[in-house]
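Work through the exercises below with the sequence and the coordinates at hand, and read each worked solution only after trying the task.

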Amino acid sequence: MDYIQATAELERRYRQIFRQKGVSPSWAYRKTDPPQELIHCPVPFVGKHYFEQPIKILLYASAENLNGYHHYLDDDDFAIRRHRYYFDRSLEDPETFFPWVHIAPINNGALVLCAFHILSRLTDPGNMSPSEFLETISFGNYGKYTICPHEGSRNVDYASQPQKLKESQEYVAVDIEVLKPDYIIMVGTIYHGAGQQKEFIDRIKGDAKIIPIYQITPTTVNSPNLFRKFGVSDLRDLHPTLTRWYPHFRAGAVSGKYFMSVFSYLDHVLEQLT
């Protein structure tokens, strides 16, 4: 399997599942035109060098937020490839440091820093840019659908709602079957928390090791009861590439003084792996 074969197979299988599910689930976001059709679920971004890596990482964020949606995903061909399209487009902007991929905690750099730090504790990734790093991993959202706005004034993260997460399981199974990752980084709430996906993931993960982590949000980063419990890492103790990236991490409340505790927390999580 290589990058071209994998992306083609992912698209083929996603289109098949999407077509079979029709307008299910009923709570999922619909197109502007035609309004009865669902916005197509996106395949994960697959780095062009993913299959060349000695350690293959699949990174899952939670679910998509489409506040202020204005028909730009009505085209299925664009929608299914949106992470790659936005990544490639963002590289055309010389001011871009952390690529924009249509996944908020990757856009702002937070999950990019986390994934690189985890990899740096498993091997030496070397010196590279964030965009070069993303071309060595695969990523997407675990929740493949976005909740329709009629369920509230804003889209709601459903990481703790197993029935909604179940709607994405066929797609997730395809991801893992095609990509065959060595490590899957995912939201702990989804895996062994209220989202109740552990039994399903453990059944299909193959030889992959699961790295469940807290969601990276202003609330979790700044809470005294979560990341901050693990102390503050010294920037000098991180991989040299991370020390170079970190000054470019400007994500508002997420990137405040407590974010350095995230690295200590991730070290703790890796120590717990069996």
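**Exercise 1.** Determine which strand holds Ser62, and whether Ser62 is buried or exposed.

*Solution.* In this predicted model, Ser62 lies in strand S2. The next step is its relative accessible area, which is 9%; because buried means under 20%, Ser62 counts as buried. Finally, leaving aside neighbours within four places in sequence, one finds Ser62 in contact with Asn141, Tyr142, Gly143, Asp157, Ala159, Val187, Ile190 and Gln215.

**Exercise 2.** Describe the largest pocket by its volume, its lining residues and the classes of those residues.

*Solution.* The volume of the largest pocket is about 660 Å³. Its lining comprises 31 residues, of which Ala63, Asn65, Ala104, Pro105 and Gln215 are the closest to the centre. Sorted by class, the lining has 19 nonpolar, nine polar and three charged residues. Turning to the elements, S2, helix H4 (104-107) and S4 each supply at least two lining residues, and S2 gives the most, with four.

**Exercise 3.** Identify which residues of the largest nonpolar core touch the most other members, and which element gives the largest share.

*Solution.* The largest nonpolar core has 46 residues, and those touching the most other members are Phe133, Ile216 and Phe259. Among the elements that give two or more residues to this core are strand S2 (57-63), helix H5 (110-122) and helix H13 (260-272), while the largest share, nine residues, comes from H5. A second, separate core of 36 residues includes Val43, Leu165, Ile176 and Phe200.

Note on methods. Residues numbered from 1 in each chain as written. Predicted model: local features only at pLDDT ≥ 70, side-chain atom pairs only at ≥ 80, totals over all residues. Heavy atoms only, no water. Core = buried A, V, L, I, M, F, W, Y, C linked by side-chain atoms within 4.5 Å. Buried < 20%, exposed > 50% of the residue type's maximum accessible area, 1.4 Å probe, protein only. Contact = heavy atoms within 4.5 Å. 1 Å grid on protein atoms, 1.4 Å probe; cavity = no way out; pocket = protein on both sides within 12 Å on 5 of 7 lines; lining within 4 Å. Points joined across faces, edges and corners; volume = space filled by probe spheres on them. Nonpolar A, V, L, I, M, F, W, Y, C, P; charged D, E, K, R; others polar.
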